[in-house]
Every structure is written in structure tokens, then in C-alpha cells.
Amino acid sequence: MSLLLRNALLLDVASGDHTEGDLRCEDGRIVESGPGLKAPQDARGIDLRGAHVMPGLIDAHVHVTASTADLGSLPSMSPSYLAAHSARLMGQMLERGFTTVRDASGADYGLADAQAEGLIRGPRLLFCGVELFLRKDAFLVPTLVTYWALEEEGMAFGLPEASWRKVDEVLEAGFAALERAASAGVRLVYGSDLLGGMHRHQSEELRLRARVQSPKVLRAATVNAAELVGMAGSIGTLTVGAHADLLVLDGDPTRDIGALAKPKNLRYVVQSGEVVSASA
Ligand SMILES: [Zn+2]
């Protein structure tokens, strides 16, 4: 099965440059890119008329089993019930443009296998083993959106008022730390770390970080994250040979992060060379 995207602006996230051209995907990989590509007979062709194409996003800190922020209640729930919740959360992540996520605790190979075999819709799921933790020293995965969400909605989710008053201070300290790390050249990776009903803010971390590190926030959620999980060159890039996980956007995410931070602005989400989500 071949997918040919024509007349796109292909974003090189490492340099921030766009190239006009076509991109062809086959058997789940990017196989060709350049001007005026020829499609095989059975190919699906889509004329993008100048829309932007970038690699699918990677979130390196999620908890797909955290269907509620009340983590203490999770062990008393049936594993099959929890799996159904996880499947729904993963499907929503995919619709936001996250084609790979790293679960920091909770998920296991059962969910990862179910996704890989196509039993559930969702991002490619990596779960933390010893190998990934060993690699993490050289990277920083801040998760400002957790505090932002607590500030916005913490009271409604049962956070005591005294704690809620401290959240703003923590968030400001988080911004300052991010700024220092960015100017010191630390490799920053995208993470959201949200729980329960706050999962829907997963893309807000893009907007928050753009205040400090725009447009490098795109690297944090693509090339840097790919390095962290040991998949550099294979995800988080549009290079030939990489997994064909990509996003088609109407706006330019290097100029306006809003083009990416609102799921309705994603024209298509492509996973393994197939359109898995399309906006109306
Ligand atoms: Zn966490």
C-alpha cells in the first residue's frame, strides 16, 4: 500500500527549513521525497496544495493507564476495565498528532502489543525499561502543562485551596528552569505527564514552551525525543527510511504553534503510511 502526498511543504525539524515537494510512503515507511514523484498504480494520492507536513509528535512522559487523577483507586479496578480506558486515552492522543508516546509508569507490553497489532488505535507505545532510564541523564523532560492544568482546574479536581495557591509559584519556577536549561544547551524533550480528565490538555505544553523556546519546541517533540527513546532517524523525522508517521497542517508550526496545538488544525494524521485521522 502506497500513499503519495503531493505539493507539500516538508519541514526539516532539525533546521527549521521547508522544502517544496512530494513524499511517498510504502509499507509503513517513507520511501521517497522530492519534486514530481510518480505514484505506483495502486497508490493513494493526495494533493496537499501547499499544506505543511511535519513528523508526528512524540510525548516522552505520559501515563496511558491513568484514567483518573485519583491514582490510589486504580489498583481496585479490573485490568480489563482499565485497558478499555487506556485504549480510549491512546486514541485521543493519536488524534492530537502524537504518533509515539513513552509511558513513564503504568503501561506494559500488553498495551504496546495490542497497539502494534492494530487491536487498538493509538500512538506507538514505548514503556520504561532499565535501558531507557539509563539513557535519560543527558536529557530533560519538563512537564509544565501539569502545573498549568492544576492552576486552571485543580480546584475542580479537589486540590485544596492552600496547595492551589502555590501552583502559580511552581509554574513560574518551571518556566525559569526551562529557560536556563534551554540557554545552557541541555537537550529538552517534550513531556506532558497528565492524569485523568486533564489528558485533554496534552498539546498545551507546546504553547507553554513556545513562550520560552519557540520554535525549538518542535525539536523537543520530534528529533530530541527520538534520540531519548533510542529511535533517532526512525521516528521524529521525514527522512527516507523513517516510519511514515506524519502530520499535515494548514498553518506553519515554525511560525505559529497554534497550527499544531489545536487538534482541529491537523488536516491529517498519518501513521505507518495510512491516514488514521482527518479533520472535517
Ligand atoms: Zn509521570
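Tutor: Two strands are taken as paired when DSSP finds at least two bridges between them, and with that in mind we can read this model, which is a predicted one.

Student: What is the strand order of the open sheet to which β6 and β7 belong?

Tutor: The order is β6-β7-β8, a sheet of 3 strands with parallel pairing. Because β6 (57-62) and β8 (124-127) each have a single partner strand, they stand at the edges, and one side of each is left without a neighbour in the sheet. From one strand to the next, the twist averages 20 degrees.

Student: In what sense does β11 pair with strand β5 and with strand β12?

Tutor: The pairing of β5 (residues 52-55) with β11 is antiparallel and has 4 bridges, with proline 55 opposite leucine 246. On β12 (residues 266-271), too, the sense is antiparallel over 4 bridges, and there leucine 246 stands opposite valine 270.

Student: Are the residues of β11 buried or exposed, and which way do they point?

Tutor: Leu246 and Val248 point one way from β11 (residues 246-249), while Leu247 and Leu249 point the other way, and all of them are buried.

Student: How should I read the packing of helix α4 against helix α5?

Tutor: Two packed helices are described by the angle between their axes and by the distance between those axes. For α4 (residues 144-153) and α5 (residues 161-183), the angle is about 155 degrees and the axes are 9 Å apart; since an angle over 145 counts as roughly antiparallel, that is how α4 runs relative to α5. The crossing is left-handed, and its contact includes Tyr147 and Leu150 of α4 together with Val167, Leu171 and Phe175 of α5. Sorted by class, this contact has 9 nonpolar, 1 polar and 2 charged residues.

Student: At what angle do α4 and helix α6 cross, and which residues meet there?

Tutor: The axes of α4 and α6 (residues 204-213) come within 9 Å and cross at roughly 105 degrees, and the two helices are therefore roughly perpendicular to each other. Leu144, Val145 and Trp148 of α4 meet Glu204, Glu205, Leu208 and Arg209 of α6, a contact with 4 nonpolar, no polar and 3 charged residues.

How values were computed:
Residues numbered from 1 in each chain as written. Predicted model: local features only at pLDDT ≥ 70, side-chain atom pairs only at ≥ 80, totals over all residues. Axes fitted to C-alpha atoms, helices over the stretch in contact; angles between N-to-C directions. Parallel < 35°, antiparallel > 145°, perpendicular 65-115°, else oblique. Left-handed = near helix turned anticlockwise from the far one by under 90°. Contact = placed C-beta atoms within 7 Å. Nonpolar A, V, L, I, M, F, W, Y, C, P; charged D, E, K, R; others polar. Buried ≥ 20, exposed ≤ 12 C-beta atoms within 10 Å, placed from the backbone.
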